Amino acid sequence: MDAQKRIRELMEERGWSGYKLAKEANLSHSTVSNIFNRNNAPTLPTIEAVCRAFGLTLEQFFSDGDCPTKMTEEQRNLFAMWSSMTDEQKEALLHLMNTMK
């Protein structure tokens with residue numbers, strides 16, 4: 001799934017500009033601009049903010065059309081734990097995961 005393409009589709013469906021998305025998602029305009037103008041892949045926290053702005057779950061965001069994404073029980077547990085973390089905990093976990101690459 002191309003997250004940039006999906007965000008663009010959702011913006012077009014709603015007639016939203018990059019500025020409107022930034023405002024609704026509580027992101028800086030430069031963050032949204034960089035997704036498209038610099039071809040930066042959005043981070044998971046950015047995608048979460050975008051999902052909240054569009055009123056979608058992560059599963060809905062990543063689903064392909066009318067067929068919802070099938071997640072394993074382990075994946076559902078991970079997303080549930082992620083959603084209950086503070087921003088600081090999420091940042092620490094992402095840092096740990098990046099060191100494992």
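Q: Where is Asn39?
A: Asn39 is in the loop between H3 and H4, with helices taken as DSSP runs (H or I) of at least four residues, numbered from the N terminus. This is a predicted model, in which local features need pLDDT of at least 70, side-chain atom pairs count only at pLDDT 80 or more, and totals for chains, interfaces and linings use all residues. Residues are numbered from 1 along each chain as its sequence is written, and side-chain values use heavy atoms, leaving out hydrogens and water.

Q: And is Asn39 buried or exposed?
A: Asn39 is exposed, at 57% relative accessible area; buried is under 20%, exposed over 50%, partly exposed in between (1.4 Å probe, protein chains only). Its phi is positive, near 60°, and it is not a glycine.

Q: OK, on to H3 itself. Which of its residues are buried?
A: In H3 (residues 29-37), they are Val32, Ser33 and Ile35. Those residues lie on the same side of H3 because they cover an arc of only 150° around the axis, taken from the directions from the helix axis to the C-beta atoms.

Q: What do the buried residues of H3 pack against?
A: They pack against helix H1 (3-14), helix H2 (18-25) and helix H4 (44-54), where contact means heavy atoms within 4.5 Å.

Q: Last one: where is Met100?
A: Met100 is in the segment after helix H7 (87-99), and Met100 counts as exposed at 63% relative accessibility.

How values were computed: Helices (H or I, at least four residues) and strands (E, at least two) are DSSP runs, numbered from the N terminus.
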